[in-house]
Amino acid sequence: MGELSSFRKAILPFITACGGMLFPVLIYMLFCKPGTLEGSGLAIPMATDIAFSLGVLSLLGKRVPLSLKIFLTAFAVVDDIGGILVIAIFYSSHLEIVYLLIAALIFLLLWIAGRMRIHSKMLYFFAGITIWYLFLQSGIHSTISGVLLAFTIPARPKLFVGRYVERIRRLINGFPSMDSKSIVLTNHQISELKRIETASDRVISPLQTIEDSLHNLVNFIILPLFAFANAGVVFSGDGELIGSVTIAVAAGLLLGKFIGIFFTWLSVKSRLVPMPEGMNWKNVAGVSLLGGIGFTVSLFVANLSFGNTSPVLLNQAKLGVLGGTVIAGAIGFIVLYMVLPRLKNK
């Protein structure tokens, strides 16, 4: 029964992401008919930008329940995977598909390594660089490889905290005595310190170790550079800046994501899945709006859709992405700011 309950909780983000990908496309189709040049941008409002949606959510600090963060991250990841599949099927050449198949094989090998509890961080480091290169050559935005790579890195430590504390106490109690002024360690002392170091390394999972090591680098250097350098927002060419594609993309991100993600009420009301603890319909509505933050992934798909065919439609799509993203992010933040519980002053 416990495993069935956990499975039911796990499929809620998947159901949410399916609605969050379907409805933006349907709304886009209301403004741009499939089969036309404008209709080739159907996939632009599908994906949610994980980094920026979580960034907006982090502005609310400890008011955000953990279940809400997990919910947003999970459906955004599924969104990105869906976007990858769309790009691979409809936008990639045969050679690019070969690169993706090689990357998929490496992902499978890493997943097997994780199941075998192989915790070598260098393995995941070099495999990650290889996968990043393969994604780059395939034409898919390389940052998505990092999202998928995180699924393969073990999150469970080899040594649990309780056993770790017992081992450390035993090693410290048996540590060889030495002169307090001595600066040269004996071989026995060095050996015992290495055992303590090894135990400390094994009590932290590779996923947590990598996340902790990269935290400041990502927040203060990589993310700002990612926003300004990788977005590729360059308006060029002549023609109307606001057109049917602009409205279709913006409406798809803002309304489509909200309707699609908030559509989860049907699965909850039908008792197919339970509502996660700490979540309610008000904060789900706020997160649904944050799902409309498309930004980098949407801009990338826009370039694939119109980059080689129509600079005018590309500019319209970019404006739609930026407009829809800013409005969805701002309204989502305001809604969550109003509905999330206030922290009690101590």
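This section describes the fold, the surface and selected residues of a single protein chain.

The structure is a predicted model, in which local features require a pLDDT of at least 70 and side-chain atom pairs count only at pLDDT 80 or more, while totals for chains, interfaces and linings use all residues. Residues are numbered from 1 along each chain as its sequence is written, and side-chain values use heavy atoms, with hydrogens and water left out.

The chain contains 14 helices and 0 strands, where helices (H or I, at least four residues) and strands (E, at least two) are DSSP runs numbered from the N terminus. Read from the N terminus, the order of elements is α-α-α-α-α-α-α-α-α-α-α-α-α-α. Of the 346 residues in the chain, 42% are buried; here, buried means under 20% relative accessible area, exposed over 50%, and partly exposed in between, for a 1.4 Å probe and protein chains only. Among contacts (heavy atoms within 4.5 Å) with a separation of 6 or more, 81% join residues 24 or more positions apart. The accessible surface of the chain amounts to about 19,400 Å², with 68% of this area belonging to carbon and sulfur atoms.

By the rule applied, the count of salt bridges comes to 1; the rule asks for a side-chain nitrogen of Lys or Arg within 4 Å of a carboxyl oxygen of Asp or Glu. This salt bridge is formed by the side chains of Asp-79 and Lys-257, with an N to O distance of 2.5 Å. Asp-79 belongs to helix 3 (residues 66–90) and Lys-257 to helix 10 (residues 244–262), so the pair ties together parts that are 178 residues apart in sequence. Asp-79 and Lys-257 are both buried.

Surface patches were also identified. They consist of residues with over 30% relative accessible area and no salt bridge, like charges being joined within 9 Å and nonpolar side chains (Val, Leu, Ile, Met, Phe, Trp, Tyr) within 5 Å. For charges, Lys and Arg count as positive and Asp and Glu as negative, whereas His and the chain ends are not counted; the place of a charge is taken as NZ of Lys, CZ of Arg, CG of Asp or CD of Glu. A nonpolar patch of about 750 Å² comprises Leu-105, Leu-108, Leu-109, Trp-111, Ile-112, Met-116, Ile-118 and Leu-123. Helix 4 (residues 94–115) makes the greatest contribution to this nonpolar patch, with 5 residues. Leu-105 is situated in helix 4 and counts as partly exposed because its relative accessibility is 48%.

A positive patch is made up of Arg-117, Arg-156, Lys-158, Arg-163 and Arg-202. Within this group, Arg-163 lies in helix 7 (residues 161–173) and counts as exposed, at 51% relative accessibility. Arg-117 is placed in the loop between helix 4 and helix 5 (121–138). With a relative accessible area of 36%, Arg-117 is partly exposed. Although Arg-117 is not a glycine, it has a positive phi of about 60 degrees.

Pro-154 occupies the loop between helix 6 (143–150) and helix 7. Its relative accessibility of 9% is why Pro-154 counts as buried. Beyond its neighbours within four places in sequence, Pro-154 is in contact with Gly-114, Ile-118, His-119, Tyr-124, Ser-205, Pro-206 and Leu-207. Pro-154 and Ser-120, 34 residues apart in sequence, have a C-alpha to C-alpha distance of 9.8 Å.

Two further residues complete the description. Ala-150 is found in helix 6 and is partly exposed, with 36% relative accessibility. Between Ala-150 and Gly-128, 22 residues apart in sequence, the C-alpha to C-alpha distance is 9.4 Å. Leu-59 lies in the loop between helix 2 (50–58) and helix 3, and a relative accessible area of 63% makes Leu-59 exposed. Leu-59 and Phe-333 are separated by 274 residues in sequence and by 8.4 Å in space, C-alpha to C-alpha.

Note on methods:
Areas by Shrake-Rupley, 256 points an atom, 1.4 Å probe, with all protein chains shown as cover.
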